There are 2 protein chains.
Amino acid sequence: MSAVDLPDDPGALTPSEARSLFARGVAVPTSGWARGYAQANLIIVPRDIAFDVLLFAQRNPKPCPILGVLDAGQTSGPLLTGGDIRTDAPRYVVYSDGKKTAEPTEITDYWRDDLVTFIVGCSFTFETALVDTGIRMAHIDQGVNVPMYSTARRCAPAGQIAGPLVVSMRPIPAAQVADAVRITSRYPAVHGAPVHVGNPRDLGIADLSRPDFGDPVRIPDGSIPVFWACGVTPQAAVMESRPPLAISHAPGHMLITDARDADYQVP
Amino acid sequence: MSAVDLPDDPGALTPSEARSLFARGVAVPTSGWARGYAQANLIIVPRDIAFDVLLFAQRNPKPCPILGVLDAGQTSGPLLTGGDIRTDAPRYVVYSDGKKTAEPTEITDYWRDDLVTFIVGCSFTFETALVDTGIRMAHIDQGVNVPMYSTARRCAPAGQIAGPLVVSMRPIPAAQVADAVRITSRYPAVHGAPVHVGNPRDLGIADLSRPDFGDPVRIPDGSIPVFWACGVTPQAAVMESRPPLAISHAPGHMLITDARDADYQVP
């Protein structure tokens, strides 16, 4: 997989230590790495559609919580001090005209001075808070990726960027739904409170066992499906507009930022 | 002043009734109009600097709380249903190359299809909440505009947009400072909690009696100066970049939106 040894305890690394391992070729999912630090989605687009992407995020803050934006051509910034956005995620996906064309471990060869990087909040941040409060994550217990669904609900469009709201689903025990709402509403910068609790058909989701992204999870007895706005939403919308070039992180292979999960908590 | 009669009770008007009077030529400050509805700052710029302006707002959310953005050329939107951004504020200021060139009551003659309108939150929203809780506003009691100051603190720049943090100042009785913090922190979309409490020199303000914008207020005995991030900040920064054309509302002559003040309150 990689010539660089994996650390014994990836959770104990600092963000910059983790990023430096990824820059040296380690290409693994980041779940559990650099505990306590916020992981983020990446979406990188040419400057000429960056305004539409930023406006799309402004109009759809729940699925598109922007944590930071690097100016055109800029490869580092306050969320990755001393880092390089072209190498510091473990794996990327390159899209040409909206089609996936490569999944490299670094994007130096693709870099252009007109590329603008959006760093977008990720639900890993609130999952930690949920687990810390004793709410089990079924997908973690079942050893799979969280299931995600394109819904029938459209986001507010912006210029040439338009698309459906994408949601992630976590089964929550009925007695803990109120706690899950309360806890995640304290993280407005990472999707916040659920957008929907209960019947998936109201969102236009026909079959929970067939997610559009991620893996299906079994819903434990006594749990009901709870849906949160998902950071795949801006990626899906950008791809629908088929830009000549767009780059994202590979699913689960997030950017580990210098921000702490706790920084995004409101009282 | 105007051929259109002023209403007996401007506070009782709906936002669309108020906007329609302004469209017909009424050109007065909007303080007290359409009670309960959110008033907003306007900043209108050509499309080619709109990304930098939106990014500046994203990086400086306290002074630049964006409530809505109209696409290039668009003259209406959800915050002013059935309205027209070119006529519905009572008075505008037109800047050419960063210099004030006109203060018209409508901007139809200046309109271009590449103009992007930013609707920015305004402290009127939290002032209502403060007054409702029994915290008097000295500038209202003294019949003047709130005093505003350019500070020594720089905003995070974005592309060609850079400038100082501008703050508004309200003297608050010492026993009510905590309440003022608590109440305004519930309005993150309209500047939120104060950025500074007490000594103006820490902000680089040499003399409170000489504000950069608005009017000086006398500080009542037992009150201390409390400073909030101010919506003049994005205007000041845009003007510093000297765009060929930029348009704002005239001070105190705000856009009255269809959103309620209460819509911007968080628990």
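Modeller: Start with one pair of side chains. Asp52(A) and Arg47(B) meet in a salt bridge, with 3.8 Å from N to O. Keep in mind that this is a predicted model. Between chain A and chain B the count is four salt bridges. There are also six residue pairs in polar contact between chain A and chain B, with both residues of each pair at pLDDT 80 or more.

Which elements of chain A give two or more residues to the side that touches chain B? They are helix 2 (47-59), strand 2 (66-70) and strand 5 (115-121) of chain A. Helix 2 of chain A gives the most, with nine residues. Sort that side of chain A by class, and you find ten nonpolar, four polar and five charged residues.

Now take both sides together. In contact are 19 residues of chain A and 19 residues of chain B. The area buried between chain A and chain B is about 1300 Å². Carbon and sulfur atoms give 55% of that area. Three residues stand out on chain A: Phe51(A), Leu54(A) and Gln58(A). They supply 42% of the area that chain A buries against chain B, more than any other three residues.

Next, the wider setting. A search of the whole structure finds 24 salt bridges over all chains. One joins the side chains of Asp9(B) and Arg35(B), at 3.4 Å from N to O. This pair links distant parts of the chain, 26 residues apart. Asp9(B) lies in the segment before helix 1 (15-23) of chain B. Arg35(B) lies in the loop between helix 1 and strand 1 (37-46) of chain B.

Chain B also has an open sheet of four strands. Its order is 6-7-9-8, and the pairing is antiparallel. In one of them, Pro173(B) has Ser223(B) of strand 9 as its bridge partner.

Two helices pack on this sheet. Helix 5 (residues 177-185) of chain B touches strand 7, strand 8 and strand 9 of chain B. The direction of helix 5 makes about 15° with that of strand 9 of chain B. Helix 6 (residues 232-240) of chain B touches strand 6 and strand 7 of chain B. The direction of helix 6 makes about 155° with that of strand 7 of chain B.

Technical notes. Residues numbered from 1 in each chain as written. Chains lettered and ligands numbered in written order. Predicted model: local features only at pLDDT ≥ 70, side-chain atom pairs only at ≥ 80, totals over all residues. Heavy atoms only, no water. Contact = heavy atoms within 4.5 Å. Buried area = accessible area lost by both parts, 1.4 Å probe. Polar contact = N/O pair within 3.5 Å; in protein donor to acceptor, adjacent residues only side chain to side chain. Nonpolar A, V, L, I, M, F, W, Y, C, P; charged D, E, K, R; others polar. Pairing = 2+ DSSP bridges. Axes fitted to C-alpha atoms, helices over the stretch in contact; angles between N-to-C directions.
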